[in-house]
Amino acid sequence: MLEEAERLNYIIGKAKETATLFGYKEVITPVVEPLELLAAKAGEEIRQRMFIFEDMGGRRVALRPEFTASIARLATTVLRNEPKPLRTLSVGSVYRYDEPQKGRYREFWQADFEVIGSSKPEADAEVILLANNLLKSVGLKGYALKLGHVGVLRNLLTQEGVDEKTQNAVLQRMDKKEYDVAFALVASEKCQTVLRGLLELKGNNAFETIQNLCCYVKPYPKALEAAEYLASVVKLVVESGCPIESVDPAFARGLEYYTGVIFEMYVPELGLALGGGGRYDKLIELFGGEPTPATGMAAGLDRIVIATEAQETKLQKQASKRTALVPIKEELRGEALKIAQMLRDAGVPVEFEVMGRKMAKALEDADKRKMDYVIIVGERELREGKVVVKDLAKRTQVEVEILGLAEKIRG
Ligand code: HAM
């Protein structure tokens, strides 16, 4: 538990550092939101998995299953007048009634990054590079990036006369790789064959796959446009030095708001996506805002924890010394607390003896916890403006002036 929380916090720290490096500003959104906000364009899959209840005012509300809807709503309200692009980071727990299993929880953590106001491939590339940066910064190895474009699928289906509701159902099934069920939902056999053909195109050479895709969808001008857009994003990402494992023309994601390039990052040995995202150019409009293009991604922090544990990734922390502070007798507790506070004011972490143990027991405990120092507050030393500092690793002890104590512990 403790080790997991430490890892999670470490990864949250890396997400915040990454956000700073790319110029994303943190936004804090509510955990409980109106149901209609969260349900709009979330997709059947997530809609069915929301924790929904009625609040005491009789409103239908839900625990957020993700951040994107909340941020899109903010873009139409309090953040409406912010200069574009607007770049946001949100970190927190999200809730989905998923079937619990390894890496799939009902409460989990996301770091969500959104860039609002750009319709350019640079923005899609930026979000992908940011995801890559985050996974690199936590020390993961061998992670892979998969790209697709929902516009290819949707435009192809539209041209074949498939209505939006059916399209949503088809994409949901394709997201789950239930291709036979997905394709059976479209009436036209020709359309089924075209969709099946997309499956064959998936490949590990991104440029070759896109070239094949562009040839394949030539009879569908809008799908071709989408494929060409995907090509420009792939080019930017690869040129910037980030490898793409695969381009998958039949790749779909569960959320319904996507309109453009979509992607996921994963480590093959885990078989779970560590993060994913894509372009959603119609969502802000749906919430009553001006038509505003947007793209973004969310990293699944619990899964990144699992992946770093599996790869035994060391946390690159700045080692801070652990120090216990123990008064020799009860009457000295007040003075000892004052010294502890003085150290904390100087940025030195201190764990005060709150168990009221005798010195020998307190020292034994400090040893067990692998503390670096124990500060002993005794009557005589205190009168001289000093304390005793025991170095547990070196097994030495010295008297130190209280005024120079912070320096001594910092080393
Ligand atoms: P999502 O793919 O639904 O996208 O979730 C993002 C990540 O959250 C997943 O890749 C996965 O790592 C993690 N995740 C999802 N479900 C679970 C679960 N039950 N337990 C643990 N981790 C999970 C979104 O949420 C979009 N809002 C991303 C986005 C932002 N698109 C555009 N902007």
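Mentor: A cavity is a set of points on a 1 Å grid over the protein atoms alone where a 1.4 Å probe fits but cannot get out, and its lining residues have an atom within 4 Å of a point. Its volume is the space filled by probe spheres set on the points, which are joined across faces, edges and corners. This is a predicted model, in which local features need pLDDT of at least 70 and side-chain atom pairs count only at pLDDT 80 or more, while totals for chains, interfaces and linings use all residues. Residues are numbered from 1 along each chain as its sequence is written, and side-chain values use heavy atoms, with hydrogens and water left out.

Trainee: How many cavities of 30 Å³ or more does the structure hold?

Mentor: There is 1 of that size. The largest cavity has a volume of about 40 Å³. Look for Ala 131, Leu 134, Leu 135, Met 265, Leu 274, Gly 275, Met 297 and Ala 299, which line it.

Trainee: How does this lining divide into nonpolar, polar and charged residues?

Mentor: Here Ala, Val, Leu, Ile, Met, Phe, Trp, Tyr, Cys and Pro count as nonpolar, Asp, Glu, Lys and Arg as charged, and the others, Gly among them, as polar. The lining of the largest cavity has 7 nonpolar residues, 1 polar and no charged.

Trainee: Which element gives the most to the lining of the largest cavity?

Mentor: Helices (H or I, at least four residues) and strands (E, at least two) are DSSP runs, numbered from the N terminus. Helix H5 gives the most, with 3 residues. H5, S10 and S11 each supply at least two residues of that lining.

Trainee: What is the order of the strands in the open sheet?

Mentor: Two strands pair if DSSP finds at least two bridges between them. The open sheet has 8 strands in the order S1-S5-S6-S11-S10-S9-S7-S8, and the pairing is mixed. At the edges are S1 (25–26) and S8 (246–247), each pairing on one side only. S1 pairs with S5 (residues 86–95) in the parallel sense, over 2 bridges. Find Glu 26, and you will see that its bridge partner in S5 is Leu 89.

Trainee: Which strands does helix H5 touch?

Mentor: Contact means heavy atoms within 4.5 Å. H5 (residues 121–137) packs on the sheet and touches S5, S6 (107–116), S7 (144–149), S9 (261–267), S10 (272–279) and S11 (294–300).

Trainee: How many residues line the second largest pocket, and which lie nearest its centre?

Mentor: A pocket, unlike a cavity, is an open set of points with protein on both sides within 12 Å along at least five of seven lines. The second largest pocket holds about 500 Å³ of space. Its lining has 21 residues, and Arg 154, Asn 155, Tyr 258, Thr 259 and Lys 282 lie nearest the centre. The largest share of this lining comes from H6, with 5 residues. Helices H6 (150–159), H7 (164–175), H11 and H12 (283–286) each supply at least two. By class, the lining of the second largest pocket has 6 nonpolar, 7 polar and 8 charged residues.

Trainee: Which residues does a cis peptide bond join?

Mentor: Lys 84 and Pro 85, where omega is about 5 degrees. You will find Pro 85 in the loop between helix H4 (68–76) and S5.

Trainee: And what is phi of Lys 370?

Mentor: It is near 55 degrees, a positive value in a residue other than glycine. Lys 370 sits in the loop between helix H15 (359–368) and strand S14 (373–377).

Definitions and conventions
Axes fitted to C-alpha atoms, helices over the stretch in contact; angles between N-to-C directions.
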